[in-house]
Amino acid sequence: MTRRLDSDVAIIGGGIVGASAALFLRKMGKSVTLLERDFCGSRSSGVNYGGVRRQGRSIIQLPLAQRAHVIWGQLPQLLGMEGEYQRCGHLKIARSQADVASLEDYQKRSLGYDLDLQILSGDTLRSRYPWLGQSVVGGSLCAQDGHANPRLVSPAFAQAAKQAGADIHEQSQVIDMAHSRNGFVLHTHKGLEVRSRYLLNCAGAWAGFVAQSFAESVPIEALHPVMAVTEPLRPLMTLSLGVEGGGIYARQAVRGNCVIGGSRGFALDDLRARPSREAIGLVLARTVELLPDLHNAHVIRTWSGTEGYLPDHEPVIGPSGTTPGLIHGFGFAGSGFQLGPAVGEVLSELVCRGSSSTPIEAFSISRFTKVFRPSLQPFQQPKEIFHEN
Amino acid sequence: MIQALAPVIVGAGPAGIRAAQTLVANGLRPVVVDESANWGGQIYRQPPAHFVRTKKELYGFESAKAQSVLSAMQGLLPHVDYRPHTLVWNVQGGQLDLLHQGQTSTLAYSQVIVTSGATDRILPFRGWTLPGVFSLGGAQVALKFQGCSIGKKVVFAGSGPLLYLVAYQYAKAGAHVVALLDSGKLSDQVAAMSDLLAQPAWLAKGLYYVAWLHAHGVAVHRGAVPLEAKGQDCLESLLWQDDRGVHSLACDAVATGYGLRSEAQLADLLDCQFVWNAVQGAWLPVCDESGRTSVSGVYLAGDGASVEGADAAEWSGERAALTLLSDRAGHATAEHVARSAALSGHITKRKIFGRGLARAFPDPLNWAAQTPDDLLVCRCEEVTAGDLRQTAAEAGVQEINRLKALSRVGMGRCQGRMCVCAAAEILAQCTGQSLEKVGRLRAQAPIKPIPFTTMLKAESVSGKDMA
Amino acid sequence: MSQAPVPLNEPGLLTRMSETQRERVTFFLDGQALTGLRGDTVLTAVLMHRKFVRYSDESGAHRAGFCWMGACQDCWISSEAGDRFKACSTMLEPSMKLISGQGGST
């Protein structure tokens with residue numbers, strides 16, 4: 001039995017990107033149907049590290065990141081909850097002089113984007129933050145960056161969208177999608193038919209399949225960052241930490257648990273990922289080096305997720321190259337949590353006004369001009385695989 | 001079919017020991033990994049050295065069985081690779097991850113028998129986190145393994161055969177057992193009689209414990225439910241309720257439990273499929289008569305597969321080993337086939353008895369609906385029943401993992417062991433779903449907390465970056 | 001081996017019912033010298049003298065373990081050196097220096 005829904009916009013994917021797009025579209029008066037295969041914000045958006053940072057992003061992402069920073073500042077008004085968001089600072093650690101030089105270079109290149117980065121020596125850092133280990137030679141501090149709890153924030157976007165009148169369907173897998181001059185027609189495995197003028201592809205690591213359905217292939221690869229969490233510990237870390245050149249990222253949640261990420265796990269299947277023992281070992285060994293006070297702590301849980309990576313580690317944001325009305329927002333390479341709400345806002349602008357007030361040309365799908373066969377071809381391994389969210 | 005790798009047994013309780021014994025008798029040298037210091041599991045837990053109580057004093061009616069199982073393992077020691085004090089914390093790519101004395105290592109396997117046992121199944125009541133309140137299993141360990149009573153005035157509250165057994169053991173050892181509160185009614189136990197008669201010897205034993213308690217002046221109350229453990233910083237009294245009303249008992253210790261809960265985390269990490277078991281009231285790994293799971297090379301036995309008691313653990317351990325042998329050889333000997341059939345017969349009869357136990361010892365009526373909002377369900381994270389209901393209502397939660405993600409229930413150090421049964425009952429009740437529908441909590445490595453210091457070895461072993 | 005009798009009922013939560021013939025072991029809890037018996041777990045030894053082993057992470061309420069078999073994770077305790085372990089699964093060693101209440105943090 002088919003139930004039919006008509007709306008201005010259909011969204012595939014209820015992560016932070018899709019859900020925030022739904023919310024902003026509702027604010028702009030559009031009717032929205034969102035289809036999520038699992039539970040909203042339960043995938044990458046809900047299991048990532050929780051970093052809310054601009055520092056370290058490619059320069060072309062910074063306008064979006066700045067826009068997101070403003071939205072994050074309004075989280076309580078937007079979502080009715082704080083989501084444990086703190087602007088406690090993000091410190092990118094240098095372990096060598098070469099790393100310091102790299103941080104200084106980034107500081108120069110990012111001037112004008114209000115990151116207000118301070119480069120500090122290892123000694124200064126240790127006097128301010130005595131819990132930092134001896135291997136820290138220096139660091140770059142972005143005082144207004146921070147972290148939040150993705151388990152709470154991402155579903156809250158969907159909840160807010162729902163309260164604003166978006167029609168949200170969880171555990172609803174899209175099994176076919178088509179476009180004609182009358183717009184899009186989607187069907188879910190539960191017999192729901194959704195017709196819309198616009199379709200937003202916010203399907204995360206699985207967005208390549210959506211794009212393919214519209215004859216638009218991208219070389220997206222699924223990778224699986226590894227996360228670990230400790231038992232509650234006494235207050236230790238007041239910042240979110242990252243490491244220049246890759247390594248681990250670590251923060252301490254409000255309740256005292258330290259959340260640490262890095263390295264890579266593996267897929268059990270298309271939908272499930274697990275941390276590998278090698279990754280767990282590496283991440284934790286590096287943690288003790290960086291944070292000696294964690295020496296006697298314990299890991300109580302590890303997990304992984306499924307993130308979509310394009311070869312240049314930049315997302316695909318913007319209109320489809322093949323299908324009018326189809327707009328993409330995916331492929332955040334493990335760094336989509338902070339950007340998510342701004343991307344959602346941009347997607348809503350693209351629907352309502354046909355253009356984005358934040359530059360997104362660099363993220364156009366058209367940069368992948370090669371035609372791929374439907375079964376995604378392998379491609380070169382990206383050089384740098386350690387990513388913070 | 002040639003198997004170069006030694007079979008691995010995880011868990012050295014009665015199931016693991018009989019599995020090891022069977023493999024050794026057939027020419028193999030299994031690796032036996034056990035988290036505890038000594039073999040025996042929980043039911044036949046051996047006291048430390050220099051304890052003098054006899055097996056009769058320790059194990060009562062089960063002393064002959066205990067002796068048989070424990071001495072079997074003693075005799076196996078030269079013929080197995082025995083790894084006590086060793087936690088299996090993860091599994092990946094045909095290798096188990098072990099933790100022993102602060103060092104991690106891996107153990108390759110092609111065939112593994114998981115006999116991980118069970119813990120108490122807990123239905124909490126107000127104040128259950130107070131010092132002085134322990135699980136039934138915990139109270140039993142205190143007495144058996146340490147020669148201690150958990151208090152001077154002990155109340156036993158819950159349901160199930162273990163409730164009566166431990167109360168009896170305490171009273172027999174000279175502890176002051178103030179009362180036994182059984183949530184089941186006499187009528188439940190009468191209704192279960194026909195199934196319980198499938199094993200007349202066990203039924204007789206159970207009736208003996210009840211009679212003995214009565215004869216020794218222990219008040220046994222039926223249809224009795226604990227309401228609140230009260231006290232300043234430790235237990236001072238227990239409020240409880242039955243048909244007659246609300247009562248108070250002065251006490252300094254309560255032992256509580258409502259049956260047992262299979263430890264199935266390793267089976268989950270081994271990617272076994274799970275299925276709802278209506279008699280056990282739990283999602284359990286798919287495991288057929290032979291002990292095979294949905295994963296080739298992975299076998300289960302004992303209470304970790306399904307709670308059927310110590311005797312069934314011995315039988316299923318032996319049976320799983322026989323299956324392993326036939327899978328290894330590509331065929332089964334006539335002797336093994338006959339023996340497996342006999343074991344299956346025993347287990348089937350025990351399952352009928354088990355069905356009777358479930359009927360004889362039901363949970364308190366409408367337990368979930370009666371839990372007050374301020375009841376702590378998750379003792380690690382201090383999440384209340386009210387928190388669960390509110391989260392479920394506000395976020396439209398219908399599924400247990402989603403409830404965990406949004407409320408933190410089950411996120412603490414124990415990873416849901418103590419709270420998942422109660423949380424699932426509450427979620428089912430407040431969403432109007434069956435217990436089956438709310439799903440099962442997914443296991444995540446490490447199976448138990450592991451220290452950071454163990455990981456310092458990892459990088460020196462594989463020095464290259466993850467690329 | 002000490003010949004002095006061991007009092008059966010120390011002031012803590014637990015009561016010894018048997019096995020009191022064992023050798024006495026001196027250990028330290030929060031700096032105070034106390035006596036346990038060889039073969040006691042740390043949990044037993046501590047709860048013979050005290051009515052808790054740790055504080056809960058959230059509310060700071062007193063906790064004394066629960067399951068005695070390494071499952072509930074509510075009996076974590078520290079040594080003065082900073083090592084942390086489950087009291088129920090760790091045997092008491094002579095001259096062990098323990099700190100109660102700190103089992104929830106570094």
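## Chain C at a glance

Let us start with chain C, where residues 24 or more positions apart account for 46% of the contacts with a separation of 6 or more. Please keep in mind from the outset that this is a predicted model. The secondary structure of chain C consists of one helix and eight strands. Read from the N terminus, its elements follow the order β-β-β-α-β-β-β-β-β. Of the 106 residues in chain C, 52% are buried.

One residue to look up in chain C is Ser78(C), which sits in strand S6 (residues 76–79) of chain C. Ser78(C) counts as buried because it has 21 C-beta neighbours inside 10 Å, and 20 or more are needed for that label. Along the chain, Ser78(C) and Gly101(C) are 23 residues apart, while their C-alpha atoms are separated by 8.2 Å.

## Where chain C meets chain B

Now look at the place where chain C touches chain B: 33 residues of chain C are in contact with 41 residues of chain B. On the side of chain C, the elements that give two or more residues are strand S1 (15–16) and strand S5 (62–63). Sorted by class, that side of chain C has 13 nonpolar, 11 polar and nine charged residues.

Strand S10 (residues 148–149) of chain B pairs with S1(C) over two bridges, in the antiparallel sense.

## Chain A: overall build

Chain A contains 10 helices and 22 strands. Its C-alpha atoms fill a box of roughly 65 × 45 × 40 Å along the principal axes. For 389 residues, a compact globule would have a radius of gyration near 21 Å, and chain A agrees with this, at 21 Å. Buried residues make up 58% of the 389 residues in chain A. Among contacts in chain A between residues at least 6 apart in sequence, 74% join residues at least 24 apart.

S1(A) pairs in the parallel sense with strand S11 (residues 192–201) of chain A, over nine bridges. Within this pairing, Ile11(A) stands opposite Leu200(A) in S11(A). S1(A) also pairs with strand S2 (residues 32–35) of chain A, again in the parallel sense, over four bridges. Here Ile12(A) stands opposite Leu35(A) in S2(A).

## Where chain A meets chain B

The contact between chain A and chain B takes 32 residues from chain A and 25 residues from chain B. On the chain A side, the elements giving two or more residues are helix H7 (150–163), strand S16 (257–264), helix H9 (277–290) and strand S19 (298–304). The largest share, nine residues, comes from H9(A). By class, the chain A side divides into 15 nonpolar, 11 polar and six charged residues.

Strand pairing joins these chains too: S19(A) and strand S24 (residues 450–451) of chain B run antiparallel, joined by two bridges. Val299(A) stands opposite Ile450(B) in S24(B).

## The domains of chain B

Chain B is divided into domain 1 (8–119 + 261–332), domain 2 (122–258) and domain 3 (367–431). The C-alpha centres of domain 1 and domain 2 of chain B lie 29 Å apart. Their contact takes eight residues from domain 1 and seven residues from domain 2. The domain 1 side of this contact has four nonpolar, three polar and one charged residues.

In soluble globular proteins, nonpolar side chains tend to be buried together. In this model, the largest nonpolar core has 108 residues, and those with the most contacts inside it are Val283(A), Val8(B), Ala19(B), Ile113(B), Leu266(B) and Ala301(B). Helix H10 (residues 310–329) of chain B gives the most to this core, with nine residues. Apart from this core lies another, of 105 residues, among them Ala171(B), Leu376(B), Ala424(B) and Leu29(C).

Which residues is Ala19(B) in contact with, leaving aside its neighbours within four places in sequence? They are Ile9(B), Ile113(B), Thr115(B), Ala301(B), Gly317(B), Glu318(B), Ala320(B) and Ala321(B).

How values were computed
Residues are numbered from 1 along each chain as its sequence is written. Chains are lettered from A and ligands numbered from 1 in the order in which they are written. This is a predicted model: local features need pLDDT of at least 70, side-chain atom pairs count only at pLDDT 80 or more; totals for chains, interfaces and linings use all residues. A nonpolar core is a set of buried Ala, Val, Leu, Ile, Met, Phe, Trp, Tyr and Cys residues joined through C-beta atoms within 7 Å. A residue is buried if 20 or more other C-beta atoms lie within 10 Å of its own, exposed if 12 or fewer, and partly exposed in between; C-beta atoms are placed from the backbone. Two residues are in contact if their C-beta atoms, placed from the backbone, lie within 7 Å. Domain bounds come from an automatic or database domain assignment. Ala, Val, Leu, Ile, Met, Phe, Trp, Tyr, Cys and Pro count as nonpolar, Asp, Glu, Lys and Arg as charged, and the others, Gly among them, as polar. Two strands pair if DSSP finds at least two bridges between them. The radius of gyration is taken over C-alpha atoms; the globule rule is 2.2 Å times the number of residues to the power 0.38.
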